[in-house]
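Here are a few friendly notes to read alongside the structure. Take them one at a time and find each place as you go.

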Amino acid sequence: MKTALTAFVLAVSVAALGYEAAIPYFARSRTLTISAPDRQNYIVVDPDIWKSSRNELADIRIYDGQSQVPYALIKQSGGSSNQETPAKILNLGTVGGHTEFDLDVSGTKEYERVRLEIDAKNFINGTQVQGRAMPNDRAGSNLGSSTLYDFTNEGLGSNFTLKFPTSSFPYLHVRLSTGILPKQIKHAFVSTFSETKAAWTFAGECKPADGRPKETVFECALLENVPLERIAFGVPASTVNFNRAVIVSDESGNELDRGSVSRVRLNRAGQSVVSQDLMIDLYTQAAKRLKVAIQNGDDKPLPIESVRPLSFERRIYFDPSGKINLQLYYGDPKLGSPAYDYAKFFQQSPNAAIAQLGQPEANPQFTGRPDDRPWSERHQTVLWAAMIAAVALLGALALRGIKGSAVAGQ
């Protein structure tokens, strides 16, 4: 019993450990040339690495001779955070035909945006913001102006957010242009917004194609295994005031996503509004070809200059520890992700250097992993032949027995 238990524990342990990395098991090899060996370096994952590695890039390894160099695989997705806190509305009323009010934001240390809930549609309103030490402090600091709008009738969206430099005043005074009544101001929220910029790389190429009436169609060929995470549209700056639905489907006609592209540039009552959204965010790594169809409705087609499939840039960060040459390996379909302390406690250096990635080539030491399948899977032909022979032998013995019984009966 004890022996059986020990064998079971060993088997579970081996399964948990998975496959070990070894240079002869990698199909691809690249040289890494390092010009700044005294600091953190990185390389950008390129199409050959995507094509020859596992989908999740688990089988990438960096070697210094026979020793692994720890690394961190980082997706340059950027990001934003917007933490909202309710702000108490004070002194809401009308002054000279303008809706004005104060906001108590003393509970928020720093902020740079105020989002209003306004019960109104189809308007444009220039709004001024002032920072104050007290609600009745007339000598406050001017924080600038924002344009609030709602273009429901035109289908061009809305904006109810006031933006201004990062501030820490305990109170804000808000003054709207005419047109919005005090009773239409429902709630206010103050927030701090932060954003880090994303880095993108091409995931394929799109070209114009024939489509159905009232559609503008592009067909896209995607790079193998490169994840598609955004489609960006190029539209001339002179083309304004549009909002078109976009449908994205794969080579089999299955819809992957749908969204819209828009640009607003309007002037009303001396107020101007400018906004645009020319991107659709989605995710697929399985599709090889895409169809992107812009729905024009009864409007004339947009003069689309480009449709670009994009992927977040993936970077491999590492510490060369003074070395000027290292080796990158990938292309082992059975190898799992590494577990490095470097990745667990990774901190990106602001002055990380870009290492030079050599041309992709077949690993000259490649042998492939030993065939670890069960004997029955590796020798199916022999197994089937043996089974057929056994069946034939049993059949012959059975036939012989039947004949013997018949002779005995005579």
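1. I247 stands opposite A293 in β24. Strands β20 (residues 242-250) and β24 (residues 289-295) run antiparallel and are joined by 6 bridges. Strands here are DSSP runs of E with at least two residues, helices are runs of H or I with at least four, and both are numbered from the N terminus. Two strands pair if DSSP finds at least two bridges between them.

2. Before going on, a word on the source: this is a predicted model, where local features need pLDDT of at least 70, side-chain atom pairs count only at pLDDT 80 or more, and totals for chains, interfaces and linings use all residues. Residues are numbered from 1 along each chain as its sequence is written, and side-chain values use heavy atoms, leaving out hydrogens and water.

3. Now look at the open sheet: its 6 strands follow the order β17-β18-β24-β20-β21-β22, with antiparallel pairing. At the edges are β17 (204-209) and β22 (271-277), each pairing on one side only.

4. Finally, visit helix α5 (residues 380-409), where M387 is found. M387 counts as partly exposed because its relative accessibility is 41%.

How values were computed:
Buried < 20%, exposed > 50% of the residue type's maximum accessible area, 1.4 Å probe, protein only.
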